[in-house]
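Reader: I am new to this structure and would like to learn how to read its features one at a time. Could we start once it is in view?

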Amino acid sequence: MSSWYKSWILLTGFILFYVAYLLFGAFVFSTIERPVEDKLKRDIQVLKEEFLNQSCVNATSLENFLERVLQANKYGISILPNSSASSNWDLASSLFFANTLVTTVGYGHTTPLSDTGKAFSIFYALLGVPFTMLVLTACVQRLMHLVTYGPISMCRQKIGLEPLAATAVHFAILLLVVVLGFFVVPAVVFSYIEDTWSFLDAIYFCFITLCTIGLGDYVPGEKPGQNFRSLYKISVMVYLFVGLMMMYLVLRAFHRMADLHGLTSFFQLPHCDEDIEEDKEPIIEAGHEDQHEAEDSAKPLDPASQTSYNTINR
Amino acid sequence: MAAPNLLDPKSATHNSKPCLSFSAKSITLSPREECQAIATVMKWKTVLAIFLLVVLYLVVGAAVFRALEQPHESAQRLAILNQKLEFLSTHTCVNHSHLEELVKQVVSAIRSGVNPAGTLTNHSSLWDLSSSFFFAGTVITTIGFGNISPHTEGGRIFCIIYALLGIPLFGFLLAGVGDQLGTIFGKATARVEKMFVQWDVSQTKIRVISTVLFILFGCLLFVALPAAIFKHIEGWSALESLYFVVITLTTIGFGDFVAGGSEIEYLDYYKPVVWFWILVGLAYFAAVLSMIGDWFRVISKKTKEEVGEIRAHAAEWTANVSAEFKETRRRLSVEVYDKFQRAASIKRKLSTDLGLNSTPELTPPKRILPVNFTDEREREPVFPYMTKNGSIFQNGLGGEPRRGDVAIIEYLK
């Protein structure tokens, strides 16, 4: 009964802290953004008045016209002359759209217009999201052994570091590699390809995409007259997928490290590992990965000894 | 993503200590009662197969979307071009470039969230406290509608840092909420079970019924009811409300429909209630999505099992058939041996009757004598162990009686 009570207390504490965090964020965003918004409002009013003064258009017809233009723009259709002649729904863009749907990024720069499209998106997402998560977890599981367990055991054997230090060092290196390879380098590439993006904009885009937030204020490949548009969009898709995998990998490595350092027990989270698929073969030793095809029995480890690198190496 | 295993039959029975875990995707959760950690890894082939399947799924989806949406898009484009031409023709003092300039400015203003329609005064800001609160919420839950987004450099940098800290925080919260949902569900199922046990209904039926009830009840509470409320307040169609609910709760968050994003006068408590609904609904959806993922696993396991069963059946059949063959061979050789024995005894009788011309006749039996001995020694213990020893026995016996047979036959001839 006391553990149940404790969990309720913990939950209420979390909720309160979370609300406080949200309020703090709201306050900061408000303070930063509001002046800019006000200025923009004033500017656009001035522009409208200038336009109305110079021409014979009356206010209402302009309003109607603008409303229609904005409605079309919401769905990605622009009346500006140099807008891309290519459709938003050719095969590469539709593939890109399906990918953002299925990885839950959801930019929103193009959204289904028809009712059938909306209904189809619902079912497609309900099936596709768990499917993608399954694939990503499976790949990450596999990668973990290459990237985490292997180097760590090698580290320990050759350099002779203690497990705690080895995992911390390894995690730091992994984090550095991921940040460089999946944030900095792609940001440089994006800021080069997209004329209107600065380096900060590109990093912001990479971060918002890889966390699957996907605000949609920056979407690559939307510039009119983009060269090799299809190829560009498909490579962005590949970047998204691989980047997501690396984020999961980092998260998992962090979790393992936290287990080892006792942080999980500090937060009273029991060590739970997920067994995702039944068609696995056990890893007998981290070094003998070639032989695991021969074995067929699984060795269940109990939770207490589970995620330490020692047990895996045994 | 391993979301709460609320529908695992085990979790219904063991109301053990709730088990939170930091799973791969931070907004999903995996409380497992029995934390069975099996250090195993998928085969490359399986991963590759699943990956190809996902790519195929994407391509099929892309084709369907294209077929559904492109006609609409062309129609819209034509309509808006007509509008522009009409406008320009009715208002002849406006020239092309001015209009386009205005449109460009207006579009970028809308992107920044400023709506130039109407006048300044009757507008609420997009960045007043409650809307910023909502925006912060969409960032943390990784929904990311995008109808509001930061435009200053400072805002963007702060957004990055804020999300880095907030997403794991929200992950913890979601794990906790999902956990409570799971325990409530488990307790309810246990009580229902106690009721039904008196009526002698099988446990699997209870589990299935409780799962179905969970889905229905959850759908009603977190999907249907909010959709109806949104339809009424926001003025969307039924499909659009449902579409909004699904897109939000799976954290995709396109932003074409946002509750609280239109120019309607909202009640004060509308947005906080929406936020609370998102929180609990996300936990429920994580459960549903993990259940669908479980079904995929079960289906793949079942397919594997069935394939395994077929293989096992085939192996069994082959084993039976080969055992039959060996048995027949053994019987045949035993019969042959019996016949040979009889023939030999008859021959001996004849030879003793006929006199002493038995020495040349002894040689064939002599040649076969070792066979006889081994035969007699090994025959009795072999009988109970038919298949394995029998096969060895058969192999040992297989060659010799044939030779012996030939000798006998030659001799008898």
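Reader: Which residue lies over the face of A:Tyr204?

Author: This is a predicted model, and what follows is computed from it. A charge counts as sitting over a ring if the charged atom is within 6 Å of the ring centre and within 35 degrees of the ring normal. Here B:Arg156 lies over the face of A:Tyr204, at 5.2 Å from the ring centre. Another case is A:Lys118, which lies over the face of B:Tyr243 at 5.9 Å from the ring centre.

Reader: What is the order of the elements along chain A?

Author: Chain A has nine helices and two strands. Read from the N terminus, the order is α-α-α-α-α-α-α-α-β-β-α. Among the contacts in chain A between residues at least 6 apart in sequence, 62% join residues at least 24 apart.

Reader: How many of the 314 residues of chain A count as buried, as a percentage?

Author: The figure is 52% of the 314 residues. The accessible surface of chain A comes to about 14,200 Å², and 65% of that belongs to carbon and sulfur atoms.

Reader: How many residues does the largest nonpolar core have, and which of them have the most contacts inside it?

Author: A nonpolar core is a set of buried nonpolar residues joined through side-chain atoms within 4.5 Å. The largest has 111 residues, and A:Phe190, B:Phe230 and B:Phe244 have the most contacts inside it. Helix α7 of chain A, residues 229-260, gives the largest share of this core, 14 residues. Another core lies apart from it, with 19 residues, among them A:Phe51, A:Ala72, B:Leu88 and B:Val103.

Reader: Is A:Leu62 buried or exposed?

Author: Burial is judged by relative accessible area, and under 20% is called buried. A:Leu62 has a value of 1%, so this residue is buried. A:Leu62 is placed in helix α2 of chain A, residues 59-74. Leaving out residues up to four places away in sequence, A:Leu62 touches A:Lys48, A:Phe51, A:Leu52, A:Val57, B:Phe87 and B:Leu102. The C-alpha atoms of A:Leu62 and A:Phe51 are separated by 9.8 Å, and the two residues are eleven apart along the chain.

Reader: How many aromatic pairs are there over all chains?

Author: Two rings pair if their centres lie within 6.5 Å, and planes over 60 degrees apart count as edge-to-face. The count over all chains is 24 aromatic pairs. In one of them, A:Phe190 and A:Tyr239, the ring centres are 6.0 Å apart and the planes are at 70°, so the pair is edge-to-face. A:Phe190 belongs to helix α5 and A:Tyr239 to helix α7 of chain A, 49 residues apart, and the pair links distant parts of the chain. Both residues are buried.

Reader: Why is the pair of B:Phe230 and B:Trp236 tilted?

Author: The planes of these two rings are at 45°, with the centres 6.1 Å apart, so the pair is tilted. B:Phe230 and B:Trp236 are both buried.

Reader: Where does UniProt place the feature "transmembrane region" in chain B?

Author: Such an annotation comes from a record and may be inferred rather than shown by experiment. The unreviewed UniProt entry places the feature at residues 47-68, 126-145, 157-177, 208-230, 242-262 and 274-296 of chain B. In the model, residues 157-177 of chain B are 100% helix, with the end C-alpha atoms 30 Å apart. Residues 208-230 of chain B are 100% helix, with the end C-alpha atoms 32 Å apart.

Note on methods: Residues numbered from 1 in each chain as written. Chains lettered and ligands numbered in written order. Predicted model: local features only at pLDDT ≥ 70, side-chain atom pairs only at ≥ 80, totals over all residues. Heavy atoms only, no water. Helix = DSSP H or I, 4+ residues; strand = E, 2+ residues; numbered from the N terminus. Buried < 20%, exposed > 50% of the residue type's maximum accessible area, 1.4 Å probe, protein only. Contact = heavy atoms within 4.5 Å. Areas by Shrake-Rupley, 256 points an atom, 1.4 Å probe, with all protein chains shown as cover. Phe/Tyr/Trp six-rings, centres within 6.5 Å; stacked < 30°, edge-to-face > 60°.
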